[in-house]
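Could you walk me through this structure while I have it open in my viewer? I would like to know what to select at each stop and what is there.

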Amino acid sequence: MCGIVGYVGNRDACPILLKGLHRLEYRGYDSAGVAMVNGDGALNVYKCKGKVDDLEHFLDGKDLCGSIGIAHTRWATHGVPNDANAHPHYSESENIALIHNGIIENFRVLKDALIENGYTFRSSTDSEVLVNLIEYIRTTENCTLLEAVQQALKQVVGAYAIAVIEKGNHDEIIAARQSSPMVVGIGKGEYFLSSDATSIIEYTENFVYVNDGEVAVINRNAPLKVFTLDNEEERIHIQKLKLSISQLEKGGFPHFMLKEIYEQPHTLVDCIRGRINPETGEVKLSGVIDNREKFVNAKRIIFVACGTSWHASLIGEHLIENICRIPVEVEYASEFRYRNPIIRPDDIVIAVSQSGETADTLAAVELARKAGAFVYGICNVVGSSIARATDSGSYIHVGPEIGVASTKAFTGQVTVMAMLALAIGHEKGTVNKEYYQEISQALLKLPETLEDVLKIDAQVEDLAKIFTYAHNFIYLGRGYNYPTALEGALKLKEISYIHAEGYPAAEMKHGPIALIDAEMPVVSIATPDHTYEKSASNIEEVKSRGGKIIAVVAREDEQVRKRADYVIEVPVITDCLMPIVVSIPLQLLAYYIAVNKGRNVDQPRNLAKSVTVE
């Protein structure tokens with residue numbers, strides 16, 4: 001959620017820090033700030049409520065000298081968004097500055113102890129407590145900054161990614177993490193620090209991912225060193241990350257969200273590449289091949305996820321139960337971790353997260369591992385915490401997703417789940433050859449199919465004008481497309497702030513039908529499958545009560561279009577992949593309604609791209 005950037009080297013730090021903050025704006029935030037040590041050794045902190053642009057205006061005329069610094073975008077947890085609560089935070093003496101992502105759960109106890117020792121506080125944050133604790137230990141124990149950070153963090157309960165610099169020290173940043181992402185970029189005679197490698201990828205392709213309970217000593221005059229809180233030195237594993245800067249730019253589109261909707265034909269090529277043999281249709285996932293016995297003998301599969309990833313997992317449930325004949329449960333990760341779930345060693349837990357850093361999902365992974373289950377990850381970000389914490393997994397390979405409302409990650413996740421189901425089903429012998437080939441060939445043609453779907457863009461844009469000022473929406477779907485209805489409703493509420501709900505179409509008469517009137521638009525997904533006739537009947541129920549129907553139907557559909565007020569036509573592929581096809585017009589509808597309402601499409605209020613705190 002919050003963003004961290006740091007730099008130490010021979011260049012001016014401020015431009016690098018500010019560019020990094022701009023790269024992290026997609027994560028969601030309400031204030032921003034920088035701290036630098038100038039040539040005279042002075043430690044300067046500048047911060048303000050608002051956007052990074054506001055910070056840049058605030059910096060006009062300030063002392064921005066220095067080749068070492070840290071910077072932060074904050075999303076409020078403790079204390080309202082204001083200048084005082086923004087990061088970085090000075091220690092009381094102003095000799096130390098700190099930035100912090102996460103939540104210090106025992107901050108009140110620590111704060112009371114510090115107050116008893118004469119400390120006062122300028123903010124309402126838990127983070128200021130931590131920087132004062134570090135200073136207290138540094139002063140009373142007469143120890144190094146590294147030792148003070150290590151001792152302070154031993155007293156902390158909660159999640160954190162921190163970076164600390166000190167007055168008079170031009171050379172060194174101390175950084176540490178626990179349940180919040182952190183990566184160090186290694187350049188030539190310089191180092192970069194961030195909560196997301198994409199913010200510093202233009203400077204280096206060599207990265208070290210800091211693990212939980214580790215402290216990094218980042219000194220311009222020495223090789224990177226990583227220690228435990230008990231001061232045991234850890235081995236460093238440098239990873240190369242290849243990423244084009246063009247992937248982080250809008251590329252001529254007005255918003256990242258629209259760019260990412262249009263990228264989906266290409267991103268699914270990357271998602272499928274090397275996993276399906278185009279000549280034979282055979283699906284091979286290394287995670288399944290390497291762990292064949294685990295999958296073949298699994299008694300149950302449990303998906304744990306949040307938000308859009310949870311919707312994708314509901315589709316995964318249908319796919320795996322249908323193709324593999326293994327019982328599947330789909331759990332909200334945030335609930336799973338707290339309800340004492342029954343997890344057995346012959347269970348497989350599949351953790352799904354776009355960022356690979358979702359705090360609740362990471363906690364569910366840890367719970368599953370302690371229970372002895374095999375844990376499989378599905379995520380997008382290479383080297384992310386979930387990718388490193390799971391036993392095996394599959395990347396979706398859809399490239400950086402900057403827009404807060406997930407689009408290409410959703411279709412990538414469902415695509416990987418379809419391939420996973422085929423791979424497991426083949427190993428178990430639960431899928432016949434004809435159906436296996438039908439799905440694998442449809443997957444190979446999926447990028448071409450999505451190119452075809454995107455031709456309806458102008459039609460959806462016109463349709464959005466009609467419903468821009470609606471106050472409520474209902475989305476209906478059945479079977480594989482019930483989760484698609486949930487996802488369509490989520491997209492609309494996320495970026496337009498219109499109240500929208502997704503329902504299984506058959507549940508309409510069990511309550512929601514009371515809401516139907518001429519002012520209630522109803523998006524009904526009625527593509528061909530074994531529930532088509534039932535979906536048509538549900539549309540009749542809505543029409544008889546004066547509801548306005550926007551129907552998503554197959555091209556050349558005759559039955560539903562006669563009763564619908566508005567029709568969106570899509571090409572038809574095998575029914576288990578229709579959620580991917582149908583999601584495109586629902587993404588476009590939400591996008592254009594939000595644009596018409598003047599919303600900040602890429603950074604909707606109160607939301608963050610990567611939810612790294614509870």
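**Stop 1: H15 and H19.** Begin by selecting helix H15 and helix H19 in this predicted model: H15 passes H19 in a right-handed crossing. H15 covers residues 433-453 and H19 covers residues 578-596. Their axes are 10 Å apart, and the packing angle is about 30°. H15 and H19 are therefore roughly parallel to each other, since angles under 35 degrees count that way. To see the contact itself, show side chains for Leu446, Thr449, Leu450 and Val453 in H15, which meet Ile580, Val581, Ile584 and Pro585 in H19. Colour this contact of H15 with H19 by class and you get seven nonpolar residues, one polar and no charged ones.

**Stop 2: H17 against H19.** The crossing of H17 past H19 is right-handed. On the H17 side, pick Thr484, Gly488, Lys491, Leu492, Ile495 and Ser496. On the H19 side, the contact includes Pro579, Val582, Ser583, Leu586 and Tyr591. By class, the contact of H17 with H19 has nine nonpolar residues, four polar and one charged.

**Stop 3: a five-stranded sheet.** Now move to the open sheet with the strand order E17-E16-E18-E19-E20, where the pairing is parallel. Its edge strands are E17 (328-332) and E20 (392-395), each of which pairs on one side only. Turn the view along the sheet to follow the twist, which averages 20° from one strand to the next.

Next, select E16 (residues 300-305) and E18 (residues 347-353), a parallel pair joined over five bridges. Which residue of E18 is the bridge partner of Ile302? Pick Val349 and you have it.

Helix H12 (residues 359-370) lies across E16, E18 and strand E19 (374-379), and runs at about 165° to E18.

**Stop 4: along E20.** Stay with the sheet and zoom to E19 and E20, which run parallel and are joined by four bridges. Cys379 has Tyr395 in E20 as its bridge partner.

**Stop 5: a mostly covered helix.** Jump to helix H5, residues 145-154, where seven of the 10 residues are buried. To highlight them, select Leu145, Leu146, Ala148, Val149, Gln150, Ala152 and Leu153. What covers these buried residues of H5 includes strands E6 (96-104), E7 (158-166), E8 (172-178), E12 (214-219) and E13 (225-228), as well as helix H4 (126-140).

H4 and H5 have axes 8 Å apart and pack at an angle of about 120°. H4 and H5 are therefore oblique to each other. H4 passes H5 in a right-handed crossing. From H4, display Leu130, Leu133, Ile134, Ile137 and Arg138, which meet Leu145, Ala148, Val149, Gln151, Ala152 and Leu153 in H5. The residues of this contact of H4 with H5 divide into nine nonpolar, one polar and one charged.

**Stop 6: Glu556.** For the last stop, select Glu556, in the loop between strand E24 (548-554) and strand E25 (566-570). Is Glu556 buried or exposed? Glu556 is exposed, with a relative accessible area of 70%. Leaving aside neighbours within four places in sequence, Glu556 is in contact with Arg561 and Glu569. To finish, draw a distance from Glu556 to Asp270: these two are 286 residues apart along the chain, and their C-alpha atoms are separated by 31 Å.

Key. Residues numbered from 1 in each chain as written. Predicted model: local features only at pLDDT ≥ 70, side-chain atom pairs only at ≥ 80, totals over all residues. Heavy atoms only, no water. Axes fitted to C-alpha atoms, helices over the stretch in contact; angles between N-to-C directions. Helix = DSSP H or I, 4+ residues; strand = E, 2+ residues; numbered from the N terminus. Parallel < 35°, antiparallel > 145°, perpendicular 65-115°, else oblique. Left-handed = near helix turned anticlockwise from the far one by under 90°. Contact = heavy atoms within 4.5 Å. Nonpolar A, V, L, I, M, F, W, Y, C, P; charged D, E, K, R; others polar. Pairing = 2+ DSSP bridges. Buried < 20%, exposed > 50% of the residue type's maximum accessible area, 1.4 Å probe, protein only.
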